[in-house]
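Colleague: I am new to this structure. Could you walk me through how to read its features?
Modeller: Gladly; let us look at it first.

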Amino acid sequence: QVQLVESGGGLVQAGGSLRVSCAASGRTFGYVMGWFRQAPGKEREFVAAINWSGGATYYGDSVKGRFTISRDIAKNTVYLQMNSLKPEDTAVYYCAADRDSDCSGYGCYVLQELYDYWGQGTQVTVSS
């Protein structure tokens with residue numbers, strides 16, 4: 001069983017930066033890790049994903065060029081560095097883990113149903 005705990009959310013001004021973390025407990029060897037977000041009144045959307053080695057990363061169109069996903073295998077932690085934040089980035093950010101799907105690539109990683117484990121979320125608020 002894997003548990004995911006997000007941290008690092010908070011309030012930041014537009015144009016600022018923030019880094020959120022996702023600490024995993026349990027074995028995550030070979031797992032794909034993803035970040036999703038959900039704003040009030042909106043559906044949850046894909047933000048970013050990273051493969052096991054960290055050699056492949058994927059981003060949603062709305063965050064491409066501004067956000068960076070990374071992982072520290074030794075610490076069993078995934079990070080999402082968010083730069084040039086906009087008010088529309090305000091949302092609860094969720095970490096997710098894909099245990100053993102045969103599906104790979106962007107078209108798969110954007111799918112919420114691919115992921116087996118989810119964190120409780122961390123609030124990110126960007127003020128204008």
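**Rings, bridges and a cavity**

Modeller: A search of the whole structure finds 8 aromatic pairs. Rings of Phe, Tyr and Trp (its six-membered ring) pair if their centres lie within 6.5 Å; planes under 30 degrees apart count as stacked, over 60 as edge-to-face and the rest as tilted. One of the pairs is F36 with F46, edge-to-face, at 5.6 Å centre to centre and 75 degrees between the planes. F36 lies in strand 4 (residues 32-38) and F46 in strand 5 (residues 45-50), so the pair ties together parts that are 10 residues apart in sequence. Strands here are DSSP runs (E, at least two residues), numbered from the N terminus.

Colleague: What should I know about the model itself?
Modeller: This is a predicted model: local features need pLDDT of at least 70, side-chain atom pairs count only at pLDDT 80 or more, and totals for chains, interfaces and linings use all residues. Residues are numbered from 1 along each chain as its sequence is written, and side-chain values use heavy atoms, leaving out hydrogens and water.

Colleague: Are F36 and F46 buried or exposed?
Modeller: Buried means under 20% relative accessible area, exposed over 50%, partly exposed in between (1.4 Å probe, protein chains only). Both F36 and F46 are buried. Ring pairs also link them with Y106, Y115 and W118 into a cluster.

Colleague: Which disulfide does C22 form?
Modeller: A disulfide is a pair of cysteine sulfur atoms within 2.5 Å. By this rule there are 2 disulfides. C22 pairs with C95, sulfur atoms 2.1 Å apart. C22 lies in strand 3 (residues 18-25) and C95 in strand 9 (residues 91-98), so the bond ties together parts 73 residues apart in sequence. Both C22 and C95 are buried.

Colleague: And what does C103 join?
Modeller: C103 is joined to C108, S to S 1.4 Å. C103 counts as partly exposed because its relative accessibility is 29%. C108, at 10%, is buried.

Colleague: How many cavities does the search find?
Modeller: Rolling a probe the size of a water molecule over the atoms shows where empty space is left. On a 1 Å grid over the protein atoms alone, a cavity is a set of points where a 1.4 Å probe fits but cannot get out; lining residues have an atom within 4 Å of a point. A volume is the space filled by probe spheres set on the points, which are joined across faces, edges and corners. The search finds 1 cavity of 30 Å³ or more. The largest cavity has a volume of about 60 Å³. Its lining includes W52, R71 and D72.

Key: On a 1 Å grid over the protein atoms alone, a cavity is a set of points where a 1.4 Å probe fits but cannot get out, and a pocket is an open set with protein on both sides within 12 Å along at least five of seven lines; lining residues have an atom within 4 Å of a point. Helices (H or I, at least four residues) and strands (E, at least two) are DSSP runs, numbered from the N terminus.
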